[in-house]
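Hi,

Here is the structure I promised to pass on.

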Amino acid sequence: MSDTPLSTWQTQFFSERVCARSSGRGGVYFREQVFGALAVLSEALPDLHEAVGEQNFRFFVREFLSNRQPQDALGTTLIEPFLSFLLAEDAKLAPPLGLRRMIRALQQAARSSPK
Amino acid sequence: MGARMGISLRREWVEPLLATGPALPALEVIFEQWVFASESELRQLERLRERHPMLLHCLSMNIGSSDPLDRDYFEQVRAFADRFAIAAVSDHLSWRSIHGVWSLSLLPLPRTEEALAHVVDRVDEAQACLGRTIALENISQYLPVPGDIPLVEMFNQLHERCGARVHLDLNNLLVSERWLGETPGAFLDPLTADMAWVHVAGHDDVPLPIDDHSRMPTAACMELLARVAPTVPVILEWDRERPPLQKLLPAISAEQVQGV
């Protein structure tokens, strides 16, 4: 990739507007990341979404994204990292979500699904 | 009353559409939703193709990015379009990645000659890969960008310089107006680029809306549709809180009677 004014601007925009969590108008593209990830993950993991509950699911997706940059054009590679994140978060919770078995089964399914 | 409306297909609507759905004037298929489909699912799509004119909408051409075009992706799109004999293919006038890191959102381009020339080159390359001309959709834009070329002029120039048609999204014009104050008329009145097809959708009516496709098109969207009076297919998009197809199709018919 050449170092053009366009690439410089895109690098800066991505860093400041897409990856950084901020409030107000300037945070809209980060919030869209959350929205997009919610759409991808809730469609891919409907049973987990239902088991965790809407508010908790949104919370975990937001936390997940605040620590990680979305990497994949198709969104599908979000699934395995999200499951790992949720498993790690579950271990910190008291009481835990009680979903370890479900999450591990989903991890197994995600690993064996066609890419 | 104008032309009937088609829909942007979602996976849970496939079986009901095969079972009982009427022939639609057009059916939009989103490429990314079928990338990992099984052969039996693709055969279902072939059966739908026999009954409905099909349009192919893509999310990952990444046409405005400074990253290199992903030629593997374009080969997949071409194979898909060939298999289903789809002539009309679109993506967005936007970018999604930089240095190989991808956004889930469609990001706005600067309105500069540099960006325009960059996109012209990329569209030429994309069209050569696909063996088809492409259309580009106007995205919902939430923040100002550098440059003083009007957005509509970007589309007019793209059509003139590389043959790209405009995939007009009326809801996106309305969402962008709320954030940036640019009126839909400022885009529609000077638009000379040929149109490929039109998107309509609804959004949550909050002070600063997000393009979430969460409801039927707003009255303002249907008024714009009547104003444009397109002779190309009109496609309804619905993503959040989707209704079952059995509820959606009658709602579309009612909406058309009132709005177009």
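A quick definition before anything else: a residue is buried if 20 or more other C-beta atoms lie within 10 Å of its own, exposed if 12 or fewer, and partly exposed in between, with C-beta atoms placed from the backbone. By that count, 27% of the 115 residues in chain A are buried.

On provenance, this is a predicted model: local features need pLDDT of at least 70 and side-chain atom pairs count only at pLDDT 80 or more, while totals for chains, interfaces and linings use all residues. Residues are numbered from 1 along each chain as its sequence is written, and chains are lettered from A and ligands numbered from 1 in the order in which they are written.

Chain A has 6 helices and 0 strands (helices are DSSP runs of H or I with at least four residues, strands are runs of E with at least two, and both are numbered from the N terminus). Take its contacts between residues at least 6 apart in sequence: 52% of them join residues at least 24 apart. Contact here means that the C-beta atoms of two residues, placed from the backbone, lie within 7 Å.

Now for where the chains meet. In chain B, 28 residues are in contact with 30 residues of chain A. On the chain B side, strand S5 (95-98), strand S6 (101-107) and helix H4 (113-130) each supply at least two residues, and S6(B) gives the most, with 6 residues. That side of chain B divides into 15 nonpolar, 7 polar and 6 charged residues (nonpolar is Ala, Val, Leu, Ile, Met, Phe, Trp, Tyr, Cys and Pro; charged is Asp, Glu, Lys and Arg; the others, Gly among them, are polar).

Within chain B, H3(B) and H4(B) pack at about 45 degrees with their axes 8 Å apart (axes are lines fitted to C-alpha atoms over the stretch in contact, and angles run from 0 to 180 degrees between N-to-C directions). H3(B) contributes Arg71(B), Phe74(B), Glu75(B), Val77(B), Arg78(B) and Ala81(B) to the contact, and H4(B) contributes Ala126(B), Cys129(B) and Leu130(B). Those residues divide into 6 nonpolar, no polar and 3 charged.

Most residues other than glycine have a negative phi. Asn62(B), however, has a positive phi of about 60 degrees; it sits in the loop between strand S3 (54-57) and helix H3 (71-83) of chain B. Ala85(B) has a positive phi too, near 50 degrees, and lies in the loop between H3 and strand S4 (89-92) of chain B. Which of these is buried, and which exposed? Asn62(B) counts as buried because it has 27 C-beta neighbours inside 10 Å, whereas Ala85(B), with 9, counts as exposed.

Cheers
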